[in-house]
Amino acid sequence: MNFWLELILKLVAILGFVLTGALVVIYAELKAGSHMQSRIGPYYAGGRWGWAQPLADGLKFLQKEDLAPAAADRTVYGLAPYVVMMSTIAVFVVIPFGPDMVGRDLDLGIYFVLAVSSLSVLGILMAGWSSANKYSLMGGLRAAAQLIAYELPLVLVSAAVVIQAGTMSLNGIVASQAQTWFTVGGVDVSAPFLIKGQIIGFTIFMIASVAELSRIPFDMPIAESELTMGYLTEYSGIRFTMFFLGEYAAMISLSAIAATLYLGGYAVPGVSGNILNVIGPGVMLAKISLLVFIFIWIRWTWPRLREDQLQHLAWRWLIPISLANIAVISIFKVAF
Amino acid sequence: MTTPEMIHRSDAAVSIELQTPDMTINIGPQHPSTHGVLRLIANIDGERVRDVEPVIGYMHRGYEKISEVRTYAQITALVNRIDWVSGFANEVPFVVGVERLVGIEAPPRAQYIRMILSELARISSHLVFMSSYPLELGATTPLMHALREREYILELIEEVTGGRFHPNFNRVGGVKPNYGGGSTTKKQSMDLPAGFFERTRSAMDRMDKICEDIESLVAGNELFKMRTVGVGVIPADKALEYGLTGPNLRASGVAYDLRKVENYLPYDEVDFDVAAQNGGDCYDRYVVRLEEIRESAKIVRQAVDKIPSGPLQAKVPRVLKVPKGQVYSRSENPKGEFGFYIVSEGGKMPYRLKIRSSSFSNLSILPWILKGQLLPDLVAIMGSLDFVLGDVDR
C-alpha cells in the first residue's frame, strides 16, 4: 500500500477511535455514576437514554468564549491542552488491536508508551504555570509531584512484564501471553500474565494509572473542594474540552495498555492467524471497557487522599513491592 | 532581594538561603468548599497553611436590627432564615423566650410537636452534613444517598407546617393550628395531618437504616479514616475556651447538651443519650453527628408514642404586648447553642434582639485550628465544624 495513504488511514482511524471512545467513556461515566448514586443521569438528549449528552456537552463547550486571563502567558496557555491531548493520542500508535491492527509495532513499544504518556504532565504544568492563577499553579505543582510518585511504580511493574515476556514490543508481549503455558490431556492452555503471576503487578499498575489519570482517589491536582479546579480553573471553551476529552482518552489508553500487558491483549485462546485481525479489536474493546468501568467504579466510591498520603503510599508500599515483584518474576523466569 | 553579586561578595561561609516568600491566597468568598460566602485569607508556604484570617459579613442581613421594627409574630418568620438548614429549630428558642417574658406556657401537645419537629430538623441538618462533608473529601456518592433520605424528613416537616425549610410554624404560646375542612371562614382548628405518626415512625426506621449504611460505607471507609482520624484535633479545654458548642464540643469529650440542661421543651420526659466522643478530631465530629441522628430518631419515636392530646395554643391576646423586661433563652440546635437575648420595653416589638448563633462561635476557632495545617486538611477541618454562613452573619 502507498505509504502516505496508509499513514492517513491510520491517523484517521486512531483519531476517530480516540475521540469517539472518549465520548463513549464520558457517557458511560455519566450513566454508571448516576446509577451508583441512585439517579438516572442523562435521559432526554438524543431521544433515548440520553445517548447524545456528551455530544451536546461538547457542542456547548465549543460555543463558549475561549477566555484567557489578562496576566496569562498566552502562547503556553493556548498550547497546554494540545500537549496533553497529543501525549494521550500518541500512545495509541503502538497499541495492537490485532496482529496487524497496530499503528506501528515498535520494538521499544512499552518504553514509548511510558515516555509519551508521562508527557501529559508537561502540559498540565504548562497549564498551571501559564494561567497566572494561584490555584492553577498549585494544581500544576501537585501534578508534577504526583508524577514522581506514580511513574516509578508504573515503570517498575511494566519492567516485570517485559522480563517475563522477553520483549518490549507490545505485539510481542501479547504473543508471549498467547503461547502455550502447559498442556493438560492434549489441550494447550494459555493464560494472560495476570494469571501467570502478575496479579500484584496488575494491581499496582491500576493504582498508578488512577494517579496518572488524576482521578479520585488521586485527583489532588484538580481537587475541586480545595483548589476549585486546579490547573483547569481558568480554562473554558474548546481548550477545556480538549483537557476533558484528553482525560477520558487517557483512561482508554491506560486501560488498553493494562489490557495488553496483563489481560492478554487481543489474543483469544485457541485462535490464531488472520481471523484475529477481525475479532481482535472486539476482544480488546471488551477488555478496555472492563478496565474503564473499574476506573469509573473507583471514582464514584472513594474519597480523595492527601498529596503526602499518595507519596507515602508510593514510596513506602508501591515502589518496594514492585521491586520485589521484579525480583520474584526474574527468579521464576530464570528457574523455569 | 539578594543579587548574585551580593552573595559573591559576602566572605562568610556560603549559605545561600532560597528566598521563598509565603503565598497569600484568597479562599472564597466564592469557593466550592466554603459553604456560602466565607472568605479566608490564607498565608501558605507550599501546601502548609501559615495562618488564616477568616473574613465574614458577606451575608449580613441585619436581622437583629430589622427585628427592632417587627412584631414578635413577624420575627419568627425571620429567625428561621438564620440557619436555613434547620429552620424549625431556630424558632423554638425565640418563642420560648417571648413566652417566658409574657409569662405563659405552651400547652403540652404543642410542646411535644415542637420537640418532634425540632428533632426532625436536627436529623435533616445532620443529613446535610453527612452529604456535604464527604464531598469536601472528594467522595461524591454519599451526597446523593443522604440527601435522598433527608427528603423523607422534609416531607414530614412540610405536611405539618407547609414549608420545607422555613416552616414559620411556631407562635407565641403554642404552634400554628391548621385551618381547613373546606371553609376557611369557619376556622375549624385541625390537628396534625392524619397518618402523620405512622409516616414518622416509618421514616425513623429509614433513618436507622441510613445510619447503618453511612456507618459502614463512609465512616468505615479506610480512605475516609485516613483523611479524618487525627486531623484537626480540638482538645476539650480549647473547645471550651473558644466557645464551641453542640456536636463540635461533644466530639472533644465534653458531654454538654442543652437538651439535658435547659428546660425549654419536655426533653426530660423522653429517654435519650448524649452522643459524645473523646478524640476531638474530624472523624469524631462526624461520628457524633451520626450518633445524634440515631438519638433524635429515638426521641421522635418516644415523643410520637407519648404525645398528649389537648389544645395547640395557649390563651394569647390578639395583639401581643410583651411587658418590660429581658430574657435570654437558648436551645440545643443541630449546630450548637442557639440563643436569643430579648429586651422588651413593653409593646409589640422588642427593643433589642441579640442573636447568639452557634455557627458564629464555632467558626471563631478557625484561626487557631488551621494554623500549620495542610491545605487539604483545611478543607477537611472547615467542613467538619459544620457551619452555615447564614448562621454566622445573620
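## Confidence in chain B

In this predicted model, chain B has a mean pLDDT of 84, and 92% of its residues reach 70 or more.

## The contact between chains A and B

Chain B contributes 33 residues to the contact, and chain A contributes 25 residues. The area buried between chain B and chain A is about 2500 Å², and carbon and sulfur atoms give 59% of that area.

Several elements of chain B each supply at least two residues of the side that touches chain A: strand S1 (23–27), helix H5 (108–136), helix H6 (141–161), helix H8 (222–228) and helix H15 (375–385). The largest share of that side, five residues, comes from S1(B). By residue type, the side of chain B that touches chain A divides into 17 nonpolar, 11 polar and five charged residues.

## Salt bridges

Side chains of opposite charge can pair when their charged atoms come close. Over all chains, the count comes to 40 salt bridges, and the count between chain B and chain A is two. One of the salt bridges between the chains joins the side chains of A:Arg142 and B:Glu47, with a distance of 2.7 Å from N to O.

Another salt bridge lies within chain A, where A:Glu6 pairs with A:Lys10 and the closest N and O atoms are 2.9 Å apart. Because A:Glu6 and A:Lys10 are four residues apart in helix H1 of chain A, about one helical turn separates them.

## Aromatic pairs

A pair of aromatic rings is described by the distance of the centres and the angle of the planes. The structure holds 28 aromatic pairs over all chains. Among them are the rings of A:Phe17 and A:Phe97, whose centres are 5.2 Å apart and whose planes stand at 70 degrees, so the pair is edge-to-face.

A:Phe17 belongs to helix H1 (residues 3–36) of chain A, while A:Phe97 is in the loop between helix H3 (74–91) and helix H4 (109–117) of chain A. The pair therefore ties together parts that are 80 residues apart in sequence.

## Backbone features in loops of chain A

Which residues does a cis peptide bond join? The bond joins A:Ile216 and A:Pro217, and its omega is about 5 degrees. A:Pro217 is placed in the loop between helix H8 (199–213) and helix H9 (224–227) of chain A.

A:Ser38 is found in the loop between H1 and helix H2 (53–63) of chain A.

Notes: Residues numbered from 1 in each chain as written. Chains lettered and ligands numbered in written order. Heavy atoms only, no water. pLDDT = per-residue confidence, 0-100. Contact = heavy atoms within 4.5 Å. Buried area = accessible area lost by both parts, 1.4 Å probe. Salt bridge = Lys/Arg side-chain N within 4 Å of Asp/Glu carboxyl O. Nonpolar A, V, L, I, M, F, W, Y, C, P; charged D, E, K, R; others polar. Phe/Tyr/Trp six-rings, centres within 6.5 Å; stacked < 30°, edge-to-face > 60°.
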